[in-house]
Amino acid sequence: MAKRAQRPKQLLDFSASLYDPFRACSRRWMSARPEERQVVGTAAPRKKVTIQHLHALRASRTPITMLTAYDFPTGRACETHGVDITLVGDSLAQVCLGYDSTTRLTLDEMLHHIRAVARGSHAPLLVADMPFGTYLASPEDAVRNAVRIVREGGADAVKLEGGLELVDTVRRLTSVGIPVMAHVGLLPQRHVALSGYRMQGRDAESALGVLKSALALEEAGAFAMVLEAIPHALGTYITQRLRHAATIGIGAGAGTDGQVLVWDDLMGTWHGHQAKFVRRFADVKSEVEKGIRAYSEAVRERSFPAGAESYDMPKAQWERFQQLADECRVGDVAKDA
Ligand SMILES: Nc1nc(=O)c2c([nH]1)NC[C@@H]1CN(c3ccc(C(=O)N[C@@H](CCC(=O)O)C(=O)O)cc3)CN21
Ligand SMILES: CC(C)C(=O)C(=O)O
Ligand SMILES: [Mg+2]
């Protein structure tokens with residue numbers, strides 16, 4: 001009895017319900033109508049990740065995994081393989097749409113991709129970047145555009161790049177019930193003003209600037225924040241100074257509450273410049289090459305399709321067809337029509 005009181009009971013309950021697939025499955029089985037059971041099949045459905053769950057993960061020092069997704073299959077992969085937060089990042093401008101900067105992405109383009117991801121990713125918290133220029137003019141403008149991201153896109157929360165200048169906007173969004181993930185440090189949407197994709201907080205003054213932004217954005221209501229390209233000691237320090245907002249690092253060291261990477265960087269399918277913070281966890285690019293090479297070769301040597309990959313016709317029907325076909329003339333076709 002005394003032993004149990006010492007343990008953070010609530011946190012243990014969270015992790016059990018989140019990660020025990022059998023429990024999640026059996027609960028769904030009990031509540032599902034028969035027609036739903038067919039849809040559910042044998043795969044264990046995951047429980048929805050909430051902001052409360054994320055705070056619990058932070059409190060129990062369980063690292064949070066966030067990964068970008070840009071379409072239905074990548075969204076579904078995040079759902080299937082246990083990612084905590086699916087981010088429809090505006091990096092899609094570069095890695096999916098071929099723009100040279102995230103500043104080129106429109107809200108309508110973003111919405112098109114959020115909707116696709118949302119159809120595949122149900123359990124992870126679904127966060128979407130607000131594209132450049134959709135939250136800067138005024139807090140009202142930000143609310144109007146964030147409402148579209150939630151209502152038309154199906155996102156759970158929005159992410160905004162910026163510091164102190166966004167405090168009013170974050171307060172407005174959270175006050176109307178739109179959860180906000182902040183993004184401080186390197187701000188890719190401002191790469192021109194920053195003279196490139198440069199690490200931030202290298203000297204004491206600029207490090208203090210990042211800390212002030214982080215503290216103010218938490219105070220304004222951000223439930224979490226991305227820390228991008230800052231010294232690892234600063235990433236750890238900010239994480240410790242925040243009272244409840246979860247820090248998700250990308251190039252911010254191992255001391256943050258979680259990590260995020262761009263899908264194509266992780267999979268090894270991004271052909272452009274690779275930042276220092278990227279680790280390739282898979283080599284999908286070479287698999288793609290292998291697949292295309294083998295396919296083209298098989299087509300060119302006529303080994304594809306094989307008999308088993310083609311459709312048969314009963315022999316008698318084929319013989320009858322040949323007779324009919326031999327007698328068939330253009331004039332007959334016109335008469336049929
Ligand atoms: N594929 C991809 N991955 C990303 O992480 C990403 C995108 N695209 N597009 C949007 C932004 C742009 N990002 C970037 C792009 C480049 C660096 C980069 O090369 N940084 C230098 C820092 C050098 C310095 O501090 O002087 C590096 O070497 O890491 C960092 C973040 C992050 N986002
Ligand atoms: C890299 C993450 C944090 C992002 O903002 C994006 O993918 O756009
Ligand atoms: Mg982004």
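## A tour from the whole to the parts

Start with everything displayed: of the contacts in the protein with a separation of 6 or more, 60% join residues 24 or more positions apart (a contact means C-beta atoms, placed from the backbone, within 7 Å). This is a predicted model, in which local features need pLDDT of at least 70 and side-chain atom pairs count only at pLDDT 80 or more, while totals for chains, interfaces and linings use all residues. Residues are numbered from 1 along each chain as its sequence is written, and chains are lettered from A and ligands numbered from 1 in the order in which they are written.

Colour by secondary structure next. The protein has 16 helices and 8 strands (DSSP runs numbered from the N terminus: H or I of at least four residues for helices, E of at least two for strands). Of its 337 residues, 34% are buried (20 or more other C-beta atoms within 10 Å of a residue's own; exposed is 12 or fewer, partly exposed in between).

**The core.** Select Val158, Val180, Met181, Ala222 and Met225: these have the most contacts inside the largest nonpolar core, which has 70 residues (buried Ala, Val, Leu, Ile, Met, Phe, Trp, Tyr and Cys joined through C-beta atoms within 7 Å). Helix 8, residues 107-120, gives the most to this core, with 6 residues. Now centre on Met225. Beyond its neighbours within four places in sequence, Met225 touches residues including Met181, His183, Leu217 and Thr247.

**Helix 11.** Move to residues 204-219. Which residues of helix 11 are buried? They are Val210, Ser213, Ala214, Leu217 and Glu218. Look down the axis of helix 11: the buried residues fall within an arc of 130° (taken from the directions from the axis to the C-beta atoms), so they line one face. On the other side, Ala204, Glu205 and Leu208 are exposed. The buried residues pack against helix 10 (167-175), strand 5 (180-185), strand 6 (224-228) and helix 12 (232-241). Just past helix 11, select Gly221, which takes a positive phi of about 120°.

**The ligands.** Show ligand 1. Of the 17 residues around it, Pro188, Tyr197, Met199, Ala275 and Lys276 come nearest (near means a C-beta atom, placed from the backbone, within 6 Å). Helix 7 and helix 13 (263-267) each give two or more residues to this shell. Finish at ligand 2, surrounded by Thr68, Gly89, Asp90, Ser91, Asp129, Val226, Ile250, Val260 and Val262.

Methods. Two residues are in contact if their C-beta atoms, placed from the backbone, lie within 7 Å. The expected span of a helix is 1.5 Å times one less than its number of residues.
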